[in-house]
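Have a look at the structure, and then we'll get started.

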Amino acid sequence: MPEAKPAAKKAPKGKDAPKGAPKEAAPKEAPKEAPKEAPPEDQSPTAEEPTGIFLKKPDSVSVETGKDTVIVAKVNGKELQGTPTIKWFKGKWLELGSKSGARFTFKESHDSASNVYTVELHIGKVVLGDRGDYRLEVKTKDACDSCGFNIDVEAPRQDASGQSLETFKRSGEAKSENAGELDFSGLLKKREVVEEEKKKKKDDDDLGIPPEIWELLKGAKKSEYERIAFQYGITDLRGMLKRLKKAKVEVKKSAAFTKKLDPAYQVDRGNKVKLVVEVSDPDLPLKWFKNGQEIKPSSKYVFENVGKKRILTINKCTLADDAAYEVAVKDEKCFTELFVKGEPGCVLGGGRKPPVLIVTPLEDQQVFVGDRVEMMVEVSEDGAQLMWMKDGVELTREESYKARYRFKKDGKRHILIYSDVTLEDGGRYQVVTNGGQCEAELIKNKQTEVIYGRDLTVKASDQAVFKCEVSDEKVTSGQVRGPGKRIDRSPPTGGRGVARVARARLPTWRPASAVPLSRPKLPGSLCSRIKVGVLPKQEPPKIHLDCSGKTSENSIVVVAGNKLRMDVAITGEPPPVATWLKGDEVFSATEGRTRVEKRVECSSFVIESAERGDEGHYTIKVTNPAGEDVASIFLRVVDVPDPPEAVRVTSVGEDWAILVWEPPKYDGGQPVTGYLLERKKKGSQRWMKLNFEVFTETTYESTKMIEGVLYEMRVFAVNAIGVSQPSMNTKPFMPIAPTSEPLHLVVDDVTDTTTTLKWRPPNRIGAGGIDGYLVEYCLEGSEEWVPANTEPVERCGFTVKDLPTGARILFRVVGVNIAGRSEPATLAQPVTIREIAEPPKIRLPRHLRQTYIRKVGEALNLVIPFQGKPRPQVVWTKGGAPLDTSRVNVRTSDFDTVFFVRQAARSDSGEYELKVQIENMQDSATIRIRVVEKAGPPVNVMVKEVWGTNALVEWQPPKDDGNSEVTGYLVQKADKKTMEWFNVYERNRHTSCTVSELIIGNEYYFRVFTENICGLSDSPGVSKNTARILKTGITLKPFEYQEHDFRMPPKFLTPLIDRVVVAGYAAALNCAVRGYPKPKVSWMKNKMEIREDPKFLMTNHQGVLTLNIRRPSPFDAGTYTCRAVNELGEALAECKLDVRVPQ
C-alpha cells in the first residue's frame, strides 16, 4: 500500500548548526550507555531478558530544563521480514515526525552482521512541555509492536550563593575587586526582576501554556481539547488534562437533567454501547444529536424510556460512530464523547484507534479563477478523523463559510471542495492522519482574455455575424449561445472565431467552456458577452415547467415541515406578468409563509414549512399583450401518518394477549409500511418495544407477560416519511388463564329423575381465581351438551334434576373465571337414570357413641346422618315410648335427622332409640343423654375431734348430686371473731379432712361446698359445732399404731372396653391397675405379646395404662389383653377391637 512519507523522516538540513550542544552532552551520556550496549560475555546479565522484537527498550529518563537528551532502542531484525517502519509518538497519537528539523532529530542505523536496528531520538534544549509519556512503534507487513517510556523534566538547579554574590558589585570603573562601593540598589533591582519572573512563571504554569489558552480550554468542549492542543502546539496532553481536571469550575444545577451523560464512553468496534441520561420530568420532549445532526430511531439507533431514564443504544459501533453526542431537553443540553476502539492485533501503547493509513494521496491540480475544484484523499478506515491544512494552517469547519470551501465525506474518501476558486486559494495543501500524511499543490493559471468583440444591431429575420478574438492561441473550440441554448459551433483560427446566426435574438456569445478539452491544449475558459440589438417584436407568453421529483406529470411531492420553492421559467415579449392561484385564491404576498417571488424570466412560489393544508392544485397564469398561458401543478404534501385507531385487546391468556387495531385514517400521503408496538405495566413510565422491524399486519400476539399484572399497549404507524405519534393506550388488561379441569368427578347419588355429582377443585386456579362451576350433560349417542345450570355454582357438588328415567347420560363439569371456561372434566362412563335400592344405615357421630352430657338450660341439638334408598322412615323413641313433642322437636331430611330441645331439663336425660326403616330392612342406634346441674350442699358437717392446733372435720355427701358424679369438695374455715372465710382444701375427694395450723386461743367454724362437672354448689354445708384451740395443757402424747401392710396383688380398677374404630384414624385402649409392689405391665394381641413395634405406643402414668395404635387397619382387629404381674399375683384385662373401613 503506497504511503506518503512525512518530511520528518528525512535527515534535518540544519544538523551542523546546533553542533555545540550535542558535543557537550555526548561525553556525559556515553559512559552510561556503553555498559548497557555491550556487557561482558563472562558476566551474567543483570538486566531483564528481552521480549518481543525489542532487544533493548527505551529507558525512562529525567533531564533538566535546557539540556539535551538521547533515547536509544534496539530492534531484532531476525524477527522481522523486511525493513521496519519506525515511528515515535508523544501521548496517544501525536507523531513526533511532524516536529523534525526543530528540536527533535532521529537517527536509524543497521548492523548487517548481527541484523540489529539501532534507533535514536535526540531532543535538544528540553523544555517543561516535553515531559510526559512517549511511545516507540515498530511495524512491518506482518508484525507490529510498541513500547512506552517516560521523560521527566526538572527545573534547573540554581546556586543561591552565586547569585547573591553576583548582585553585590561595587560601583565605579575600578578594576580591583575591593575598589568602589557596594551597589545595593542593583541588588534591589535584581530582586524586583526575580519577583517579576517568578510571577510570570506562575501565570504561565509549569506546562508553559499562556493564561489565554487556559481560558480557551476551560470554555471549550472536551471533544475540542485535542484540536486546540494540536493548533497551539501543546504536546503534554496528559498534563493539560490533569490541570483542567483540578480547575474548579462552578457547576450549574440543571433544571431538566437530574443525571447527565458521562463525560466519555468507550466501546470496541462491532459492539454496542448505551448512553444513559436521567430527566427531571418524564413528559419533557428529548432529542439526541450526533455532531450537531439529529438522530432518528432505526435499527442502528434504538431509543428507550425507563422511568425517568432515557437510553440511546448504538448497535454495531464503527469508527464512524466515534463522535461527539449531545442530548437536548428544551433549552438545556448535555454533551459526551464516544471513543470507538479498533480491532485487536496491533499493540498501540495508549492509542484508542489503529493507524489511519492514506490509500490514495492528494494530486496536484491546475485551475483557473472561478473554476470548481475537488481535492480528494482516500484513507484505510471508514469514518476516520483527519486534518486538512493549507500552507501549514489548519482548515476548520468553523471557518469554511468565510473561506468558501466545504468538506465532504463519502465512506473512506474525504473531499475538499471549492465551488469558485479565487487567487487566494492557491497554495500547498496537506492531509494529516495518525498514520501518515500527504501533500499536493493547487496551481492557478492565467485567465484567457477577449481582445476583440463587437456589439451588433440587426433587424428581425436578418443574418447576424459574430466575431471575437482571444488572447490565447491554444483555444481550439467555442460555442455561440443564446438565452439557454447553443446556436452554432465553428472552430476558431489563430485565436479568432466567427459564428453566423440566422435570427438576431440572442444577446450573448459564450466560448465552449462546457466542451471537454485536454489539459495541455486548454489552460482555461472564458466568457464574453456581445450585445445584439433587435427590433421590437411581440411573442406570446410561454410557461416552461420542470417538476423535479415529480411522480406524475406536473406533480410535485414535498415532505411536511420542509421548505418548497417552485421556480417556473416563463418567456414572452414583452415580459409577461405571472399570477399564482389555488382554486379561486390568488397569491400576491411577497412576504410570509406562502409568498410569490418575481425574477427575470422566472416566477417562484415559496412555501415555508409545508403543511397538509397546502396540498392541492396550483395554477400559474402568465399574460402579456400578445396572449396568455396557463399551467397547473399538483402539490402533494406527504407527512408521517396519523396514529392507528381503535387499538384494543380482544383476548388474553396466561402470558399472552391479542392486540387488534385499525389503520390510520390519514396515511401521510405515503403507504403505511408497518407498525411499531410498545407495552408497559400500568402505573409505570417505562415503555418496552415489542418489535424492532415494522409489523405489517393489524393483529399482533404479545407474549412473555406476567399473569395477574395489569398492562397497557400502544401502536405507532410507519411510512416512508417516519413514525407517527403513538395511538391511545389500550384499556388496562390482565393476562389471565382459565383454570385447569376439575378433579375426581364422581356420581354421588342417582334417582329416577336426578343425579348428584361431586368433584374437587382444579389443581391450578391462577391469578384470576375461580367464579364457579358449570355442569353439562349429554344423552348417549348425541353430541349436544345441555347446560344443567345457567349460573356458576361455587360448591363442588350439584344435583341435576328433571332427567328422563332410564336414559344413559354423560356428565361433565368446567371451571369458570374471568378468563373463560376451563377444560372439562368428563365422566368415563354414562350414568343410567334409575333409582338403586340401598339398605338403611345410621352414621352415628363419634361423640354420640358415648353418653352425651349437657347442662340444664342448654340446647340439645343432635344431627345424625343416615343413608338408604328409597327415602327411609325415621322413628325416635325414649324408653320404648314416643317422644314428648311439647319438649322435643324432630326434623328429618333425605340424609339426616335432627333431634332438638331448646332448653334441656334433667327430665330429658335417658336412653333414646333411633330406628331407620325401609320396607322390611331397618337399622337402629341408641343415644344416651344426661342433663346435669350443680349438686346440693353436703349434710351433717361436724367437727369430730380437736387436738393441739388441728381439727378433724367430717360430713356426708349431698342428697342431690345434680345427676353427675361429685368430683370433690371445697373446705373453708373462719375465725368466730371475724367470720372471714379462707380456703383450706380444694377438690377434696374424701368426706373428711384434717385442718392444721390453727391459731391457739381462737374458735373456728367450717363450711363445705360440693363440686361436680357443673361447678361448686350454690350453698355450703356449715359445721354445727366449732373447733376451739386451747391455750394451756399442751402435752405430747405419742400415738400408738400398728404398721399397716400396704402390699397387695395387682387389681384392675378400670377394665378394658370393647372398641370399634375407623381405619386410618388413631385409636387408644385405656385401663387402670393398682398393686404394690408396682406391677410389671405387658400388652398382648391375640395372646401374642406386643414388643417393640413402632405401630404401638404403650404408656403407664401413675397406674393409668394406655395402648396407642397408629392408623389401624383391618389387620389390627382382634383381642387385646393387658397383663399386670407382681410377687403377690397377676391380673388380666381383655377387650375386642373392631376396625371398620369407611364405605
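Q: What volume does the second largest pocket have?
A: It comes to about 1,600 Å³. Keep in mind that this is a predicted model.

Q: Which residues are the closest to the centre of the second largest pocket?
A: Pro 297, Phe 303, Phe 716, Val 723 and Ser 724, out of 45 lining residues. To count as lining, a residue needs an atom within 4 Å of a point of the pocket.

Q: Which elements give two or more residues to the lining of the second largest pocket?
A: They are β13 (287-290), β15, β16, β46 (672-681) and β49 (711-719). β15 gives the most, with five residues.

Q: How do the residues in the lining of the second largest pocket split by class?
A: There are 24 nonpolar, 10 polar and 11 charged residues in that lining.

Q: What makes β15 and β16 paired strands?
A: Pairing takes at least two bridges, and β15 has six of them to β16 (residues 309-314). The two run antiparallel.

Q: What is the order of the strands in the open sheet of four?
A: The order is β10-β12-β16-β15, and the pairing is antiparallel.

Q: Why are β10 and β15 said to stand at the edges?
A: Each of them has a single partner strand, so one side of β10 (257-259) and one side of β15 (301-306) have no neighbour in the sheet.

Q: Which strands does β17 pair with, and how do you know that?
A: β13 has four bridges to β17, while β17 and β18 (residues 332-341) share six. Both counts meet the cut-off, so both pairs qualify. β13 and β17 run antiparallel, and β17 and β18 also pair in the antiparallel sense. On the β18 side, Val 327 stands opposite Cys 334.

Q: What happens at Lys 330 in the hairpin of β17 and β18?
A: Lys 330 takes a positive phi near 55° in this hairpin, which has two residues between the strands.

Q: Which residues of the largest nonpolar core touch the most other members?
A: Phe 257, Leu 261, Val 273, Leu 275, Trp 288, Ile 314 and Leu 338 do, in a core of 24 residues. At least two residues each come from β11 (264-268), β12 (273-279), β16, β17 and β18. β12 gives the most to this core, with four residues.

Q: Why is Lys 125 called exposed?
A: The cut-off for exposed is over 50%. Lys 125 has 56% relative accessibility, so it counts as exposed. You'll find Lys 125 in the loop between β7 (116-123) and β8 (132-139). Lys 125 also has a positive phi of about 50°, although it is not a glycine.

Q: Why does Lys 704 count as exposed?
A: Same test: the value has to be over 50%. Lys 704 has 73% relative accessibility, so it passes. Its place is in the loop between β48 (699-702) and β49. Although Lys 704 is not a glycine, its phi is positive, at about 60°.

Q: Which residues make up the covered face of strand β72, and which the uncovered one?
A: In β72 (residues 992-995), Cys 993 and Val 995 are on the covered face, while Ser 992 and Thr 994 are on the uncovered one.

Q: What makes β69 a partner of β72?
A: Four bridges join β69 (residues 950-956) to β72, and the two run antiparallel. At least two are needed, so they pair. Ala 951 has Val 995 of β72 as its bridge partner.

Technical notes: Residues are numbered from 1 along each chain as its sequence is written. This is a predicted model: local features need pLDDT of at least 70, side-chain atom pairs count only at pLDDT 80 or more; totals for chains, interfaces and linings use all residues. Side-chain values use heavy atoms; hydrogens and water are left out. On a 1 Å grid over the protein atoms alone, a cavity is a set of points where a 1.4 Å probe fits but cannot get out, and a pocket is an open set with protein on both sides within 12 Å along at least five of seven lines; lining residues have an atom within 4 Å of a point. Grid points are joined across faces, edges and corners, and a volume is the space filled by probe spheres set on the points. Ala, Val, Leu, Ile, Met, Phe, Trp, Tyr, Cys and Pro count as nonpolar, Asp, Glu, Lys and Arg as charged, and the others, Gly among them, as polar. A nonpolar core is a set of buried Ala, Val, Leu, Ile, Met, Phe, Trp, Tyr and Cys residues joined through side-chain atoms within 4.5 Å. Buried means under 20% relative accessible area, exposed over 50%, partly exposed in between (1.4 Å probe, protein chains only).
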